[in-house]
Amino acid sequence: MGHVRAALYLDFDNVFGGLYKLDPEVAVQFASDPGAWLRRLATMPTTDAPRRWLLLRCYLNPAGWVYHSDPAGEQTRLFFSKFRPWFVRAGFEVIDCPRYSGTKNAADIRIVVDAVDALSVDTRYDEFVIASGDSDMTPLLQRLRRSDRRTMIVSPADAAEAFTAIADQVLDSHQLLALVQGESVDLDGDADNEVDAEFDERVVHAAAAGQSEAYDAFRAVVTREYNEALEPLNMASLASRLRTQLGRSVSDSNWFGFGSFARAMVSLDLPNLQMSQHLLWDTSRHLAPEPAATLPQRSALPEPIERLADQLDLPRLPQSWWPAIYQTLSDYAHSHRFNLTQCTGWSRDQLRDQGLPVSRGAVGFVVRGASFGGCPLHRQPPPTRVEIGEAFASNVLSRAEAAEMTFSDDEITTIRTWLGAFSDSEPPFAS
C-alpha cells in the first residue's frame, strides 16, 4: 500500500495549554501517551493513503507548567518536562524552547524555520501537519501551499479564520479530544451525523475479528436494551451508557474496529432496526420520531450578530435559546464529571427535550468559548448559568477584537444582550 510522507510539528505548550483549559484529564492523556493518538492520526483519511511519519518534532518549554489538582485535591505545579520522555519514546525529536519573554517562547519561529528548511531537503514531504493554534504561522501555510504541499492544522482553540482557511484540513478541539480518547473523529464537522449512507457490510464483518469477547458483551447489552425499549432510543445516551458498562474496550478498539457507534449498531443486524441522526428504533414496535424543528431564518439575527456568525462561526441561534444552553451546561457541570464528548451529547439531548434543536457542534462552541473566557466546566465549584454566559460573551468579543472587527458601544450592548451576558440572575428576555 502507498503512503503519504508526512512531517508533524507540535507546539506542545500551545496545544497542551489549550486542551488543559477544556479538559485537564484529556490533556494529561494527550501528553502521557502520544504514541496512541499519533497512530490514530496516521490512519485518519487523507486524499491518497495513510500517513507515514518521516519527521516528528515536539517543541517544548521544559520550565513550563500548569496548576494541577492531585488526588487529594491539592493544587500542585505540573511541569511540562515530566512529559518529555513519553514523546521521546513515541519517536519525537524533542526540542527545548525556553521562554525568551514573559509570555512567549521560541516554538513558533523554530517551527517556521524548520518547516521551510524541510522544503529544500532531498526527501519530499507530501503533507505538513502543524499542531498549533498560533495564527502567527499563517505565512508558513501560505509558503507551503506555494510549494504544492498538503497542510493540516491541529488546534485546540478557535484559530483565526486566515490560519484555518488556507489549510487543506483542520482538526479542531472537539475532534482532537475525540482522537486522544480513541473515539470516532468526524472530519466533516457534523457531530450529529454518525450514519454513513455508503456503509460497506464487508468492512463491518471484517472489523469484528479479534474483538469477539468485548463485541459479544456489546451485542448482549444492546440487544437487551433494544428489545426492552418502549420508545425510540437516543443514540448518544445509549453510547454513553455502553462506554460506562463496557469500559476501555470501547475506546481502545474504536467501537470494535467499526469507527463509530452507528456502524457498530448496524453490524448487529437487529431486526427491524431504523436509525436517524439521533435515534434508533424498532419499526415493528415503535412510532417513527417526529422530525426536529428547523432553525429560524438568518434574517432574524441582528446585524452585529450576523457579522459574528459570518466571521467567527457563531451559531445562528435565537436570542431566547442562549440562557437555556448556559443553564443546561451548568446542570451538566453540577451533576457529571466533565467529559466534552459526553457533555455535548447530554446537553444536546436535554435541550431537544425542551424543544430546542441545538446541535452538538453549537454546544461545543459554547463550551470552548466559556473555557477560553475563563470559566471551564470542569472548574470547582461548578459554574453557574450566569458565569458561563458572561465568560462566553467575553470570549466572543475578545475573538472579534483579535479579528479586527469593530463595534460601537450600542452594538456591543446588542451582542451581550443577544448572548444573555448579564450579571443578574435572570436575563430580561428569559422565557
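Q: Where is the place of D148?
A: D148 lies in the loop between α6 (138-146) and β7 (150-154). Helices (H or I, at least four residues) and strands (E, at least two) are DSSP runs, numbered from the N terminus. D148 is not a glycine, yet its phi is positive, at about 60 degrees.

Q: What kind of model is this?
A: It is a predicted model, in which local features need pLDDT of at least 70, side-chain atom pairs count only at pLDDT 80 or more, and totals for chains, interfaces and linings use all residues. Residues are numbered from 1 along each chain as its sequence is written, and side-chain values use heavy atoms, with hydrogens and water left out.

Q: What is the mean pLDDT of the protein chain?
A: pLDDT is the predictor's confidence in each residue, from 0 to 100. Here the chain mean is 84, and 84% of the residues reach 70 or more. Residues 189-210 have pLDDT below 50, and this stretch has 31 contacts in the model beyond near neighbours in sequence. A contact means heavy atoms within 4.5 Å. Over residues 293-299 pLDDT also stays under 50, with nine contacts beyond four places in sequence.

Q: What is the order of the strands in the open sheet of six?
A: Strands of a sheet pair through backbone hydrogen bonds, either parallel or antiparallel. Two strands count as paired if DSSP finds at least two bridges between them. The order here is β5-β2-β1-β6-β7-β8, and the pairing is parallel. β5 (93-96) and β8 (169-171) are at the edges with a single partner strand each, so one side of each has no neighbour in the sheet. On average, neighbouring strands are turned by 15 degrees against each other, direction ignored. Strand β2 (residues 51-60) pairs with β5 in the parallel sense over four bridges, and L60 has D96 of β5 as its bridge partner.

Q: Which are the edge strands of the open sheet of three strands?
A: The sheet has the order β9-β11-β10 and antiparallel pairing. Its edge strands are β9 (233-234) and β10 (273-275), each pairing on one side only. β9 and strand β11 (residues 279-282) run antiparallel, joined by two bridges, and L233 stands opposite L280 in β11. Helix α10 (residues 212-228) packs on this sheet and touches β9, β10 and β11, its direction making about 70 degrees with that of β11.

Q: At what angle do helix α16 and helix α17 pack?
A: Axes are lines fitted to C-alpha atoms, for helices over the stretch in contact, and angles run from 0 to 180 degrees between N-to-C directions. Helix α16 (residues 340-353) and helix α17 (residues 360-372) pack at about 120 degrees, with axes 9 Å apart. The contact includes L340, R348 and L351 of α16, and R360, V363 and V367 of α17.

Q: What angle do the axes of helix α11 and α16 cross at?
A: The axes of helix α11 (residues 235-246) and α16 cross at roughly 140 degrees and come within 9 Å. α11 is therefore oblique to α16. The contact is made by A236, S237 and S240 of α11 with Q342, G345, R348 and D349 of α16.

Q: Where is the place of P381?
A: P381 is in the loop between α17 and α18 (385-402). The peptide bond from Q380 to P381 is cis, with omega near 0 degrees.

Methods. Parallel < 35°, antiparallel > 145°, perpendicular 65-115°, else oblique.
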